[in-house]
Amino acid sequence: MKTRLPTIAIGLAAALACGTPVLAQQPAPAPAPSPAAPPAGTPSPAQSTPLPTTTAPGPGTGTNQAPTPPAPEKALPPATPVPPTAGRPPLVANPGDPSDVDEVTLPAKPAAILSGTAKWDQAVPSLKDAIAKVEAALAQAGIKATGKPLSVFTRTDDDGFQYEVMVPVESVPNPPPAGLPDGLRFGTTPSGKALRFTHKGPYEGIDQTYETVTAYLDAKGIIVQDAFVEEYLTPLASPSDETLEVNIYALPK
């Protein structure tokens, strides 16, 4: 296989002053008898008259003060988008081991299929776009997708490759709905005995996994069909995506 290239006081003071007007001098009148001293503890008239109080306006007081605006709500972090393929099962239920080869049996499942060609340095964007077209067409037509997307490499050379992108569906519609993209058809996924190899890591390093596949087949003397199958357990996002997981199926003749 060819190498693929596949982050938000005012203080007011009040002073009260009392004054008695001065009269013209007159002969001093006879002194009036002194009133009896009030009992101890009796307040004087000045003391018994309460002084008006003035309250300096503060926060929350005063009729002309603008209301305090509510605290802004804390923005929630953006939700992590959920891949459209999340929850869909792979062709084979039990997971593969990257350090080993599994002999499995692939079931024939109904699928939407779109063919195309691509250069090796455009493998990831080409396959990603083709898968997105199939997924969008199925969603628009109301057809339920039930499995992980696949790529079947039907022909390869030094310059590029031919492929069939497949998305398993619940059932093949009969008749097919109108308005499907040109070239989209329905069929079945590859089936039968297969050898499963698991690739974990960037797509741009998948060529090393294919070297392991070739070495294993040569050592065992196994002749396989020309079409290799890739099943994308995680979304095919970019050539350097470290979280990518791919099942590679080789079907013996």
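Trainee: Where is the place of Asp-129?

Mentor: Asp-129 sits in helix 2. Helices (H or I, at least four residues) and strands (E, at least two) are DSSP runs, numbered from the N terminus. This is a predicted model, where local features need pLDDT of at least 70 and side-chain atom pairs count only at pLDDT 80 or more, while totals for chains, interfaces and linings use all residues. Residues are numbered from 1 along each chain as its sequence is written, and side-chain values use heavy atoms, with hydrogens and water left out.

Trainee: How many helices and strands are in the protein chain?

Mentor: The protein chain has 3 helices and 8 strands. Along the sequence the pattern reads α-β-β-α-β-β-β-β-α-β-β.

Trainee: Is Asp-129 buried, exposed or partly exposed?

Mentor: Relative accessible area decides (buried under 20%, exposed over 50%, partly exposed in between; 1.4 Å probe, protein chains only). Asp-129 has 46% relative accessibility, so it counts as partly exposed. Across the protein chain, buried residues are 32% of the 253 residues.

Trainee: How far apart are Asp-129 and Leu-236?

Mentor: In sequence, they are 107 residues apart. In space, 9.7 Å separates them, C-alpha to C-alpha.

Trainee: What lines the largest pocket?

Mentor: First, the idea. On a 1 Å grid over the protein atoms alone, a pocket is an open set of points where a 1.4 Å probe fits, with protein on both sides within 12 Å along at least five of seven lines; lining residues have an atom within 4 Å of a point. Here, the lining residues include Lys-128, Glu-135, Tyr-232, Pro-235 and Leu-236. Helix 2 (residues 123-141) gives the most, with 4 residues. The largest pocket holds about 200 Å³ of space.

Trainee: How many salt bridges does the whole structure have?

Mentor: Look for a side-chain nitrogen of Lys or Arg within 4 Å of a carboxyl oxygen of Asp or Glu. A search of the whole structure finds 3 such salt bridges. One joins Arg-88 and Glu-135, with the closest N and O atoms 2.9 Å apart. Arg-88 lies in the loop between helix 1 (45-48) and strand 1 (102-106) and Glu-135 in helix 2, so the pair ties together parts 47 residues apart in sequence. Arg-88 is buried, at 13% relative accessibility. Glu-135 is buried too, with a relative accessible area of 13%.

Trainee: Which residue forms a salt bridge with Asp-102?

Mentor: Arg-196 does, with the closest N and O atoms 3.2 Å apart. Arg-196 is in strand 6 (residues 192-200) and Asp-102 in strand 1, 94 residues apart. Arg-196 is buried at 1% relative accessibility, and Asp-102 is buried at 18%.

Trainee: What joins Glu-164 and Arg-185?

Mentor: Their side chains meet in a salt bridge of 2.9 Å, N to O. Glu-164 is in strand 4 and Arg-185 in strand 5, so the pair ties together parts 21 residues apart in sequence. Glu-164 is buried, with a relative accessible area of 19%. Arg-185 is partly exposed at 34%.

Trainee: Which side chain of opposite charge is nearest to Asp-241?

Mentor: Lys and Arg count as positive, Asp and Glu as negative; His and the chain ends are not counted. For Asp-241 the answer is Lys-128, 9.1 Å away. Asp-241 is buried yet has no salt bridge. Its place is the loop between strand 7 (228-232) and strand 8 (245-250).

Terms used:
Points joined across faces, edges and corners; volume = space filled by probe spheres on them.
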